Amino acid sequence: MSETHRDKPWVMRTYSGHTSAKASNELYRTNLSKGQTGLSVAFDLPTQTGYDPDDPTARGEVGKVGVPVPHLGEMRSLFEGIPLDEMNTSMTINATAAWLLAMYVALADERGVDAGALTGTTQNDIMKEYLSRGTYIFPPEPSKRLTVDTITYTVKHVPKWNPINVCSYHLQEAGATPTQEIAYALATACAVLDAVRESGQVDDATFQEVVGRISFFVNAGIRFVEETCKMRAFTRLWDQICATRYDVTDEKLRRFRYGVQVNSLGLTEAQPENNVQRIVLETLGVSLSKDARARAIQLPAWNEALGLPRPWDQQWSLRIQQVLAFETDLLEYEDIFEGSHVIEAKTKELEESAMVELTRVLEGGGAFSMVDDLKGRLVQSHSERTRKVESGELPVVGVNRFTETAVSPLTAGLAGGPEGESVLVVDKAAEAAQIEALNEWRSRRDNEAVKRSLDEVRRVAMTTDNLMPATIALAGAGGTVGEWAGVLREVFGEFRAPTGVG
């Protein structure tokens with residue numbers, strides 16, 4: 001019997017980062033040694049919102065939900081011993097995406113690595129911050145300008161990089177139905193591409209490459225048949241939009257390229273061991289259909305509803321991917337749903353309903369003009385989902401059905417962590433250590449060079465020129481995320497959500 005052909009597995013990641021760049025680097029190198037094939041960096045809230053660790057606004061949040069990376073020195077520590085030209089790095093960062101990418105490029109330059117060899121992704125989707133998460137800084141128009149500048153710079157200078165991951169993931173977390181998730185993500189992608197085209201920074205030939213670099217980051221819920229159909233609908237609609245709205249003739253540049261993290265919203269604190277089977281089933285929704293399979297997958301850990309997962313918990317989620325990719329025959333077949341009347345009917349239903357909603361948004365002025373409208377609709381959908389869970393209409397095992405349970409050894413410190421701790425506990429002294437390190441960094445850098453670089457960022461921000469070169473120069477000079485964002489706050493102002501909306 002001839003050897004069976006197997007497709008190449010997707011990029012396997014775990015979403016991680018905590019306490020400090022040094023601690024996170026140790027975790028990354030451990031995960032890579034266990035067979036992980038890419039990195040997905042979680043940043044702490046101060047880094048996400050443009051504050052240095054010593055800013056009073058950052059107090060109590062440094063290193064908690066991710067790693068603090070305020071300046072190039074911390075970026076060096078984060079990737080110590082990790083070859084940048086061999087690593088696929090995803091950075092979950094939005095309002096400060098330009099800054100984090102600038103530091104990554106500056107680090108590559110420092111190491112003598114050609115920026116053209118860098119592969120990875122900056123999430124860089126500020127729209128979903130307005131609609132769901134809230135880690136925005138600037139108003140929509142200057143935020144859109146930063147997104148456009150990042151995209152146009154990378155297409156010319158970092159061509160293998162995905163400069164934006166249009167992020168429907170958080171829309172589902174905020175209550176989006178599959179129809180809304182598809183429509184609002186595609187509306188965001190259209191708004192960004194329209195802005196790139198209108199900026200005049202790329203010619204028609206380069207614009208085709210811009211379309212080809214757009215990627216998506218999606219959510220996969222527990223209804224994995226519906227999720228499979230959602231991904232097939234996403235794939236078809238994106239191909240249609242690229243061909244008809246943007247005149248892209250190359251099929252490869254019209255490909256719907258997406259990564260996924262399965263639904264963290266559905267993870268439960270009650271009977272958290274049930275989260276394992278939820279994660280497995282949700283992974284099937286983005287891997288069973290070859291024609292709509294994810295290119296990168298990161299899985300949450302079973303105990304993320306309880307707190308930060310430990311290395312052992314992340315290893316368990318990585319092993320789920322590895323068993324699926326290497327032990328099963330999933331990668332040996334063409335699309336197993338081809339010809340299925342059930343799958344085709346559901347896919348078509350989602351295509352049609354999403355197109356109706358997408359058309360409504362586009363005709364209403366586009367995603368950036370309809371932030372309040374989209375936010376309101378998501379709030380309504382989320383409220384309806386919450387009502388169904390609380391009434392029992394939407395079954396959640398261990399929460400509103402089958403709530404009786406035996407004591408779980410997994411939450412008693414028996415799964416690889418310290419006795420009595422089922423999650424990672426961040427050292428309370430980490431914030432003080434981070435502030436001390438920041439002060440040392442400032443004392444050792446050339447502060448005059450930093451001042452000149454900040455002045456240049458301010459000057460460029462007041463023009464229509466691309467901000468990335470000045471941002472990269474500031475990163476190389478030793479500037480910090482707080483200093484970069486502070487200058488842009490002066491020029492752009494800050495966004496304040498309307499009462500009752502954000």
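1. A word on terms to begin: helices (H or I, at least four residues) and strands (E, at least two) are DSSP runs, numbered from the N terminus. Thr-19 counts as buried because its relative accessibility is 13%, where buried means under 20% relative accessible area, exposed over 50%, and partly exposed in between (1.4 Å probe, protein chains only).

2. Before you read on, please keep in mind that this is a predicted model, in which local features need pLDDT of at least 70 and side-chain atom pairs count only at pLDDT 80 or more, while totals for chains, interfaces and linings use all residues. Residues are numbered from 1 along each chain as its sequence is written, and side-chain values use heavy atoms, with hydrogens and water left out.

3. Another positive phi is worth a look. Phe-402, although not a glycine, has a phi of about 50°, and sits in the loop between α14 (371–391) and α15 (430–444). With a relative accessibility of 56%, Phe-402 counts as exposed.

4. On to the rings. The structure holds 16 aromatic pairs; rings of Phe, Tyr and Trp (its six-membered ring) pair if their centres lie within 6.5 Å, and planes under 30 degrees apart count as stacked, over 60 as edge-to-face and the rest as tilted. One of the pairs is Tyr-136 with Phe-495, edge-to-face at 5.0 Å centre to centre and 90° between the planes. This pair links distant parts of the chain, 359 residues apart: Tyr-136 is in the loop between α5 (126–133) and α6 (140–157), and Phe-495 in the segment after α18 (481–492). Tyr-136 counts as buried at 18% relative accessibility, and Phe-495 counts as buried at 15%.

5. Tyr-169 belongs to helix α7 (residues 169–173) and Phe-217 to strand β8 (residues 215–220), so the pair ties together parts 48 residues apart in sequence. Tyr-169 is buried at 5% relative accessibility, and Phe-217 is buried with a relative accessible area of 9%. Elsewhere, ring pairs join Phe-216, Phe-234, Trp-238, Phe-256 and Tyr-258 into a cluster.

6. Which residues lie over the faces of Phe-368 and Tyr-51? Over Phe-368 it is Lys-144, at 5.2 Å from the ring centre; over Tyr-51 it is Arg-489, at 4.3 Å from the ring centre. For a charge to sit over a ring, NZ of Lys or CZ of Arg must be within 6 Å of the ring centre and within 35 degrees of the ring normal.

7. Helix α4 (residues 97–111) has 15 residues and reaches 21 Å from its first C-alpha to its last, close to the expected 21 Å (the expected span is 1.5 Å times one less than the number of residues). Because 12 of its 15 residues are buried, α4 is largely enclosed by the rest of the structure; among these buried residues are Trp-99, Met-103 and Tyr-104. Just after α4, Gly-112 takes a positive phi of about 80°. Helix α8 (residues 178–199), with 22 residues, reaches 32 Å, close to the 32 Å expected. Helix α8 is mostly covered, with 19 of its 22 residues buried, and just after α8 Gly-200 takes a positive phi of about 75°.

8. Thr-92 is in strand β4 (residues 88–92) and counts as buried at 14% relative accessibility. Leaving out residues up to four places away in sequence, Thr-92 touches Tyr-15, Ser-40, Val-41, Phe-43 and Gln-123, where contact means heavy atoms within 4.5 Å. Ser-317, found in helix α12 (residues 311–327), is buried with a relative accessible area of 3%. With residues up to four places away in sequence again not counted, Ser-317 touches Leu-299, Pro-300 and Ala-301.
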